[in-house]
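Have the model open as you read.

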Amino acid sequence: MPVRAAGAESGRGIPKSPSEAMEELEHTCPQPRLTLTAPAPFADETSCQCQAPHEKLTIAQARLGTPVDRPVRVYADGIFDLFHAGHARALMQAKTLFPNSYLLVGGLRYSSQKHFTATFIQLLKCFTVNMSATFSDDLTHKFKGFTVMNETERYEALRHCRYVDEVIRDAPWTLTPEFLEKHKIDFVAHDDIPYSSAGSDDVYKHIKEAGMFVPTQRTEGISTSDIITRIVRDYDVYARRNLQRGYTAKELNVSFINEKKYRFQNQVDKMKEKVKNVEEKSKEFVYKVEEKSHDLIQKWEEKSREFIGNFLELFGPDGAWKQMFQERSGRMLQAFSPRQSPNSSPTRGRSPSRSPSPPWVINKTSPPSSPKAASASLSSMSEGDEDEK
């Protein structure tokens with residue numbers, strides 16, 4: 001966007017003073033990222049070339065959303081080694097301090113000098129809204145000790161954080177007025193714990209006195225030092241883990257004896273795992289057998305009850321077999337017993353209960369008592385023969 005140069009004439013042809021001309025300059029500061037399709041740029045790639053004056057803001061003014069023509073530039077710096085949720089949360093706090101913020105993050109470099117601090121300062125070094133600085137390896141090793149990730153890896157981790165708008169490489173440990181002016185920094189965001197440096201008990205003392213310091217809250221329970229402590233405490237576990245994944249003993253800085261010990265322990269663990277799997281499978285098999293046996297017993301009881309009921313129904317005191325036996329025995333008795341003649345028999349002069357006998361059979365049961373009776377019986381027998389003829 002074109003801006004009016006200093007000393008330009010007004011519409012009436014009267015030259016303006018330099019201060020009036022500067023007031024008409026429009027701000028061309030980079031705006032916060034609206035899309036997350038690309039990582040945050042480095043400061044040397046997109047530095048603020050705005051020529052308009054950056055008037056000093058108070059925290060109350062910035063929280064009201066002023067100025068409206070540019071974002072509030074907030075700076076945060078730190079080591080950001082093993083970038084974790086505590087780092088991201090601190091950057092989120094710095095980014096959301098004001099309604100319209102541009103967060104710059106600065107990083108420190110390793111130090112080639114032999115100065116390593118014995119104490120771990122709070123890992124989260126600094127946060128600034130709209131600007132974030134990562135300390136280089138040189139400064140980090142000098143003031144904070146050796147890091148796990150090198151500066152390039154730490155820069156890339158910051159660039160891919162959604163709250164960061166710009167990354168400043170080789171950020172200074174102590175913020176100078178020249179550095180603040182160069183990057184148009186309005187406020188510095190950091191936790192309120194004093195950080196000492198050479199000749200000073202608090203590197204942010206002058207920032208606080210100038211009213212440019214905004215405190216943030218640390219995330220308890222997570223820090224780079226905590227993560228490193230876990231790794232050191234369980235060193236053998238992670239060494240064995242990486243040996244299993246194909247790393248060599250030389251890459252892990254493990255001695256020959258320890259390598260053999262770790263590999264033997266891995267074999268023992270594998271055997272334990274196999275035994276555990278066998279035990280689990282056997283328990284599962286026993287459970288299935290018990291479950292099936294319970295089902296079989298239940299089915300056997302049901303079938304047994306059904307069999308006993310059917311048996312009693314057939315062979316019990318009032319069973320069907322007894323009734324059938326009685327019916328068949330009655331039929332057999334009827335078959336073997338003589339049939340009785342009916343009362344309305346058409347035979348003449350014969351007793352209903354007696355069957356005819358042949359004439360040559362002499363009735364021995366009732367002999368004639370007299371000659372007259374004998375002659376009567378012979379006449380009756382002759383009459384019977386004539387009737388048959």
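What follows covers the cores, then a serine, then a helix.

This is a predicted model, so local features need pLDDT of at least 70 and side-chain atom pairs count only at pLDDT 80 or more, while totals for chains, interfaces and linings use all residues. Residues are numbered from 1 along each chain as its sequence is written, and side-chain values use heavy atoms, with hydrogens and water left out.

Start with the largest nonpolar core, which has 22 residues. A nonpolar core here is a set of buried Ala, Val, Leu, Ile, Met, Phe, Trp, Tyr and Cys residues joined through side-chain atoms within 4.5 Å; buried means under 20% relative accessible area with a 1.4 Å probe, protein chains only. Among the residues with the most contacts inside this core are Val 72, Leu 91, Phe 98 and Phe 187. The elements giving it two or more residues include β1 (72-78) and α5 (151-159), and β1 brings the largest share, three residues. Helices (H or I, at least four residues) and strands (E, at least two) are DSSP runs, numbered from the N terminus. A second, separate core of 18 residues includes Leu 104 and Phe 213.

Now find Ser 101 in strand β2 (residues 101-110). Ser 101 is buried, with a relative accessible area of 4%, and its side chain reaches the backbone oxygen of Phe 98 at 3.2 Å.

Finally, look at α5, where Glu 151, Arg 154, Tyr 155, Leu 158 and Arg 159 are buried. Seen down the axis of α5, these buried residues fall within an arc of 140° (taken from the directions from the helix axis to the C-beta atoms), so they line one face of the helix.

Technical notes: Buried < 20%, exposed > 50% of the residue type's maximum accessible area, 1.4 Å probe, protein only. Polar contact = N/O pair within 3.5 Å; in protein donor to acceptor, adjacent residues only side chain to side chain.
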